[in-house]
Amino acid sequence: MNFDPLKQEYASNRFCVTARQGMVASSSNLASAAGLRILQQGGNAVDAAIAAAAALTVTEPVSNGLGSDAFALVWFKGSLYGLNSSGYAPRGISADKVLKKYPDGRMPQRGWTPVTVPGAPAAWAQLNKRFGRLTLSQDLAPAIDYARDGYAVPPMLSRLLEHETQVLRRELGNAPEFAEWFKTFTKDGEAYRFGDTIRLPGHARTLQLIGQSGAEEFYKGEIAKALVAQSQRDGGYFTLEDLASYQPTWVDPVSVNYRGYDIWEIPPNGQGLVVLMTLNILKNFTFEKREDPQTLHRQFEAMKMAFADGMHYITDPRYMKVDYHDLISDSFGRERAEEITDQAGSPAYKNIPGGGTVYLAAADGEGNMVSFIQSNFNGFGSGIVVEGYGAALQNRGADFSLNPEDVNYLMPGKRTYHTIIPGFITKDGQAVGPFGVMGMYMQPQGQVQTATNMIDFHMNPQMALDAPRWQWTDGRHFQVERSFDPLLVGQLRRKGHEIEYADPVGFGRGQIIIRLENGVLVGGCESRTDSSIASW
């Protein structure tokens, strides 16, 4: 049968999904199914989240991999826990060394230079050790099956694979350090197509080693040794000590109260603070209608202000020059709200690029819930794959600055400003649920829009995700989805906003699970990608 899997001639109409015993929402039907499989084997929400996260490294490799970073918010037995599993720069790197290789003064996007210590495998191990009911090997079993036995390429993944293959062929050329990427993620140099079967045997072997060793093999064993040897061979900066000394950090989540709901984020070095700063400004206004020029104008201005402050202050908390709690104080939010006029302003901010991240939400019938996110940063990341192990490495260090005046200045052992942010909502000390929108600098913008859709405009989780989105890129420039009302766009332009329509792929991909007072779970999943909810 001949058809175009990406041609959507008619608008889809998804409804919320309900369940009592458990739910997993992710951007891959296979990853969601992996989480459900673990729930039905007796695992809890944390086990399910780990299973889905590991499966996503297999079934959505464009956006995340074994060399990704990860963050998690975990509601477990009535308390909220935060895990920062972002990596730091190798101790052998420095801005001076990078400038000698790249005299244009900017961090490169590809190769070994922007690779920081991967955090995702350590995150899985830490979460399993502290909260899991099954073993780590059990949690990783579905992902191992997908990698070893193969899976069929779905529509949106086929599009992303084709795009990334073209980009990396153009950017990487025939440089030998990138040969493993083409060997691993293409079919004889050509992109996998819709319906093709992808098998990742090296990936399967690495997942087995991670499960059997509690991730020790990745940081201290044979995988670590292979990574370091390859780095040193090809001009990277890693040593065995960089990996062996790595540990994720348990952190106290930080929140802002927005109209009676507490919105929770991971504190810096993550950009979750941008979400909280935006909501802290917006709570000083009253919104009656979403499709209103004044509502959108104020959201636009608050978001620009929060990004301007976030990009100026947020970095590794050891190097921040202010107490980040001051940035979300009521008084600071009021001051920023009073600066919003009836016309668009232009806060100083650098241009915003595109990105690659996966977000998932999981819940069980006992009330435990997980908000989890992991990322390569930009598409396939660095273009480096550890030979024989299938571990694609992120390029998170590309966000470092080589200017010593910048707060994000590259230093050995430092964490950079980090874009991936899991969100969580509580009310009166009780869990409402996890939510998140992936997509680099779209993430805070997507979170603010989905949160206000639910809280201000009383949308159900699915409609909160399906509603047309906007995205600030720089200055007064915004992109909106093609479903935006042209009359509304014209009204915003008269307020000084520079607006263009854009492809919906660039507006992030989100998941939401809400727990009702009677314990019933209600889920929404992203209609802009290969997304699904598995539940029972």
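Guide: Val274, Val275, Thr278, Leu279 and Leu282 of helix H12 meet Pro444, Gln447, Val448 and Thr452 of helix H15, where contact means heavy atoms within 4.5 Å. Sorted by class, this contact has six nonpolar, three polar and no charged residues; Ala, Val, Leu, Ile, Met, Phe, Trp, Tyr, Cys and Pro count as nonpolar, Asp, Glu, Lys and Arg as charged, and the others, Gly among them, as polar. The model is a predicted one, in which local features need pLDDT of at least 70 and side-chain atom pairs count only at pLDDT 80 or more, while totals for chains, interfaces and linings use all residues. Residues are numbered from 1 along each chain as its sequence is written, and side-chain values use heavy atoms, with hydrogens and water left out.

The axes of H12 and H15 come within 9 Å and cross at roughly 45°. Such axes are lines fitted to C-alpha atoms, for helices over the stretch in contact, and angles run from 0 to 180 degrees between N-to-C directions. H12 and H15 are therefore oblique to each other, given that angles under 35 degrees count as roughly parallel, over 145 as roughly antiparallel, 65 to 115 as roughly perpendicular and the rest as oblique. Their crossing is right-handed; that is, the near helix is turned clockwise from the far one by less than a right angle, anticlockwise being left-handed.

H15 (residues 442-455) lies across S8, S9, S14 (423-427), S15 (430-438) and S19 (509-515), and runs at about 140° to S15. Helices (H or I, at least four residues) and strands (E, at least two) are DSSP runs numbered from the N terminus. The sheet is open and has seven strands in the order S1-S20-S19-S15-S14-S9-S8, with antiparallel pairing; two strands pair if DSSP finds at least two bridges between them. S1 (17-19) and S8 (254-258) stand at the edges, each with a single partner strand, so one side of each has no neighbour in the sheet. Ignoring direction, neighbouring strands of this sheet are turned by 20° against each other on average.

One of the bridge pairs joins Val256 to Ile263 in S9. H12 (residues 272-282) packs on the sheet here, touching S8 and S9, and its direction makes about 25° with that of S8.

Another sheet in the model is built from three strands. This open sheet has the order S16-S17-S18, and its pairing is mixed. S16 (470-474) and S18 (498-502) are the edge strands, each with a single partner strand, so one side of each is left without a neighbour in the sheet. From one strand to the next, the twist averages 30°. S17 (residues 477-481) pairs with S18 in the parallel sense over five bridges, and the bridge partner of His477 in S18 is Glu498. Helix H13 (residues 293-313) packs on this sheet and touches S16, S17 and S18, its direction making about 45° with that of S16. Helix H17 (residues 486-494) packs on the sheet as well, touching S17 and S18, at about 150° to the direction of S18. H17 is also the link in the chain path from S17 to S18, a β-α-β crossover that is right-handed: with the strands pointing away from the viewer, the path from the first strand over the helix to the second runs clockwise.
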